[in-house]
Structure formats: C-alpha cells, structure tokens
Amino acid sequence: MKPNPGMKSKLLSYGCAAILLGSASFLALAADNKETIAQTPGGISYVSGGVGDESIDRLNMMASEFNLKLVFAMKSGNYVSDVRVVIIDAKGKTILDTTSAGPWLLTRLPAGNYQIVASFAGKAEKRQVAVGATKLSTIDFRWAAE
C-alpha cells in the first residue's frame, strides 16, 4: 500500500492539537497552584498566598512543612497582600527579603531569634520572634489604615 500524503498531514495535525491541548491543561493546573514553595540562595524555604478559600486550604495543608507563619491584615480584620517582608537573624544578616503574594507567608527558618519587618502602604511593623525547630509559630501584623 502506497503512503497517502494527506493522511500523514492529518495525523500530524491531530498530534499537534493533542500536544497543544495537553500543554494548555498543564499550564492551567500550574496557574491554579499559585502557592509554590520558593527558596532563597541561602536555603530559606517560604511560600505566600491565602487569597481565597482554596488558597488558604492549600496553605493550611502545607503548614506542617514550616515553622513560622506570618498573617497580614488591617485592624478591621480585612486581610492585605503585597506586604514586603524582611527577616533578619540574630547576627543582623537579612535572610529573607520578599513581597508576600497574599495575607499569609509560611517559612522554614533555623531555630533562633529573628527580627521581622513587614511593610504595607508605606507603614512598617516590627516584631521580635523566637522560632523553634519544629513547632509552627504564628505572628500577626495589623495596620490601622491603608
């Protein structure tokens, strides 16, 4: 039987369409999972998010992997995002400098004492915290007005 050039191009078209559809599905799944664990060059793991119930559920499921949880809100109780977070160790070295994508930021730090500076709308809040090796510590940051 002689090969049919039309048949080859049809099969090639179907194959390309299948690849494109598969890629689109993969990208959609990746976009849905915005809470990706990042790591600093110094080895500090962190993740932020918490916008919406699904995001909060995902972060709650991940919480056991971390030992510090930061929560950002107004004094009225409304959560805020786009909070700049700087964590400084006891030696004065900045070990994390990032902007939180949501009202929650989870991080895994070596046990020790830290200063945390969280800035929102030009207003900085500072906290001193002692972090243990395994237990999750939660620190709230509240701002009076935007």
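A polar contact is a pair of N or O atoms within 3.5 Å; within protein, one must be able to donate a hydrogen and the other to accept it. Keep that in mind as we look around this predicted model.

Let's start with S100, which lies in strand β5 (residues 94–100). With 0% relative accessibility, S100 counts as buried, because the cut-off for buried is under 20%.

| Side chain | Backbone oxygen of | Distance |
|---|---|---|
| S100 | G102 | 2.6 Å |
| S100 | W104 | 3.4 Å |

Leaving out residues up to four places away in sequence, S100 also touches S48, F72, S81, D82, V83 and L105.

Now for F72, one of the residues S100 touches. Searching the whole structure turns up four aromatic pairs. In one of them, the ring centres of F72 and F141 are 5.8 Å apart and the planes meet at 40°, so this pair is tilted. F72 belongs to strand β3 (residues 68–74) and F141 to strand β9 (residues 137–143), so the pair links parts of the chain 69 residues apart. F72 is buried at 0% relative accessibility, and F141 is buried with a relative accessible area of 0%. F141 also forms a stacked pair with W143, at 6.3 Å centre to centre and 20° between the planes. W143 is buried too, like F141. Ring pairs join F72, F120, F141 and W143 into a cluster.

How confident is the predictor? The protein's mean pLDDT is 80, and 75% of its residues reach 70 or more. Over residues 14–33, though, pLDDT stays under 50, and the model has two contacts there beyond four places in sequence.

Technical notes
Residues numbered from 1 in each chain as written. Heavy atoms only, no water. pLDDT = per-residue confidence, 0-100. Contact = heavy atoms within 4.5 Å. Helix = DSSP H or I, 4+ residues; strand = E, 2+ residues; numbered from the N terminus. Buried < 20%, exposed > 50% of the residue type's maximum accessible area, 1.4 Å probe, protein only. Phe/Tyr/Trp six-rings, centres within 6.5 Å; stacked < 30°, edge-to-face > 60°.
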